[in-house]
Amino acid sequence: MAKKHILVVPGDGIGQEVTAVGKKVLDRIAAKYNHEFTYDEALIGHVAIEATGNPLPDETLEKMKNSDAVLFGAVGHPKYDNDPTAKVRPEQGLLKMRKELGLYANLRPIKLFDELLSASSIKPEILKGSDILFFRELTGDIYFGEKGRKNNGDTAYDVAEYSRYEVQRIGRKAFEAARTRNKKLVSVDKANVLESSRLWREEIQKLALEYLDVEVEYQFVDATAMILIKDPKRFDVVVTANLFGDILTDEASQIAGSMGMLASASIGDGTGVYEPIHGSAHDITGMGLANPMASVLSAALLLDISFGLKEESNAVINAVDQVLKKGFRTKDIADANTPKDMILGTDAIGEEILKMI
Ligand code: IPM
Ligand code: MN
C-alpha cells in the first residue's frame with residue numbers, strides 16, 4: 001500500500017474541467033489497489049493573478065515542494081495574448097514553477113491509439129505503429145536567458161543559452177530511456193547556425209561514447225519538422241532544447257490524432273509535475289467539451305514515474321484504450337463516421353474511463 005500526497009493545480013480554462021477527471025481517476029485507482037492518496041489544491045496562472053496578483057503564489061510553490069506529485073492543468077488567458085505590454089502574465093507562473101522545482105526534463109510520449117488512426121490528418125499507413133518519446137529540456141534555452149529591450153525600446157532580444165551540465169543531464173535521461181526502448185536516439189539542434197546548439201551537439205556526442213548500444217542520429221530542427229510528418233516511424237526517442245521541443249511536440253501531437261490525447265511529465269530535482277500538453281483552450285472552456293484523456297494519461301504517468309506504480313499506471317492507459325475501443329469519442333477525436341450518440345462530453349467520457357478501471 002502506498003501513502004501519497006498529491007497537489008492538484010488545475011490552473012486556467014479547461015484545466016479545471018480536465019484535471020477534475022484526472023483526479024477522479026487517481027481516486028479510483030487508490031480505492032481499487034488499496035492505496036491512500038490525500039489531496040490538496042492550489043492556484044496558478046490567471047486564476048492566481050485574479051486572487052493574489054501573483055501567477056505563482058508562494059503558498060502554491062510551498063505546497064508543490066511538500067507534495068509527492070503535482071497533477072497540473074493548464075495556464076493562460078486570452079486577455080493577455082493580444083496585450084504584449086502586460087507585465088504580469090499567467091505563463092510566468094508556469095515558467096517559475098519549472099525553474100523553482102528544477103523540472104529540467106519534460107517527457108512527452110507521442111503514442112497513437114490504433115482506434116484513432118483515422119482521427120489524424122496524416123495518412124493511416126504513414127502513422128500506424130508510431131511511438132515516439134520526446135525529451136524536451138525545460139529550464140534553459142531562450143526561455144530563461146537574458147531578455148530585454150535596447151535602443152530606446154526599439155530593439156528586443158532573448159538570449160538562448162545552455163551550459164554543458166544542462167545538456168548532459170537531459171541527454172543522460174534520454175539515453176537511459178532509449179536503452180529501455182528501441183535503442184534509437186535522435187538529437188535535434190540547429191548546430192549549423194547556433195553556438196548553443198554546437199555545444200549541445202558536442203555534449204551529446206560525448207555521452208554517445210558511454211552509450212554505444214544506442215544508435216544516435218543528429219538532425220537539424222527544420223529537417224526534424226519535415227521528417228516527423230513524412231515518416232514518424234523513424235523516431236524512437238528524441239532529445240531537444242526547450243524551444244525546439246515546444247514546437248516539435250505540438251506538431252507531433254497530430255501523430256496521436258489530437259492534442260487532447262497527449263500527456264507529459266516534468267521531472268528533475270524534486271516533485272514531479274504531470275500535465276496535458278494542451279493549453280487552457282478558452283474557446284471551449286465551460287462547455288463540457290474538452291477531452292480529459294490527456295489529463296487522465298498524465299495521471300497514469302504520475303503513478304508510474306513518481307510513485308513507481310506500474311500496474312496501476314497500465315490500468316489507467318488500458319481503460320482509455322477500452323473506452324476508445326468501445327467507440328466513445330470526444331469531439332476533437334470524432335470523425336465523420338462517429339455516431340452522434342458516441343460523442344461524449346468531458347464528464348461523461350470520464351465516467352466511461354472510471355467504469356473500465
Ligand atoms: C507548453 C506551453 C508553455 C511553453 C507555455 C504556456 C509557456 O506551450 O508547456 O508547451 O511554451 O512551454
Ligand atoms: Mn507548448
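## Around the ligand

In ligand 1, an oxygen atom is 2.7 Å from an N or O atom in the side chain of R98. This distance, like every other value in the report, is computed from a predicted model.

## Two domains

The domain assignment divides the protein into domain 1, made of residues 1-107 together with 263-357, and domain 2, which covers residues 131-254. Taken over C-alpha atoms, the centres of domain 1 and domain 2 are separated by 25 Å.

## Where the domains meet

The size of an interface is often expressed as the accessible area that is lost when the parts come together. Between domain 1 and domain 2 about 1300 Å² is buried, with 66% of this area on carbon and sulfur atoms. On the side of domain 1 that touches domain 2, at least two residues each are supplied by α5 (90-100), β4 (105-111) and β11 (263-267). The residues on that side of domain 1 comprise 7 nonpolar, 2 polar and 2 charged ones.

In terms of contacts, 11 residues of domain 1 meet 15 residues of domain 2. There are 4 residue pairs in polar contact between domain 1 and domain 2, counting pairs with both residues at pLDDT 80 or more, while the count of salt bridges between the two domains is 0.

## Charged pairs

Side chains that carry opposite charge can pair when their charged atoms come close. The count for the model comes to 24 salt bridges, and one of them joins the side chains of K325 and E115, with an N to O distance of 3.3 Å. This pair links distant parts of the chain, for K325 is in helix α12 (residues 310-325) and E115 is in the loop between β4 and α6 (124-127), 210 residues apart.

Note on methods: Residues are numbered from 1 along each chain as its sequence is written. Chains are lettered from A and ligands numbered from 1 in the order in which they are written. This is a predicted model: local features need pLDDT of at least 70, side-chain atom pairs count only at pLDDT 80 or more; totals for chains, interfaces and linings use all residues. Side-chain values use heavy atoms; hydrogens and water are left out. Domain bounds come from an automatic or database domain assignment. Contact means heavy atoms within 4.5 Å. Buried area is the accessible area (1.4 Å probe) that two parts lose on being put together, summed over both. A salt bridge is a side-chain nitrogen of Lys or Arg within 4 Å of a carboxyl oxygen of Asp or Glu. A polar contact is a pair of N or O atoms within 3.5 Å; within protein, one must be able to donate a hydrogen and the other to accept it, and residues adjacent in sequence count only if both atoms are side-chain atoms. Helices (H or I, at least four residues) and strands (E, at least two) are DSSP runs, numbered from the N terminus. Ala, Val, Leu, Ile, Met, Phe, Trp, Tyr, Cys and Pro count as nonpolar, Asp, Glu, Lys and Arg as charged, and the others, Gly among them, as polar.
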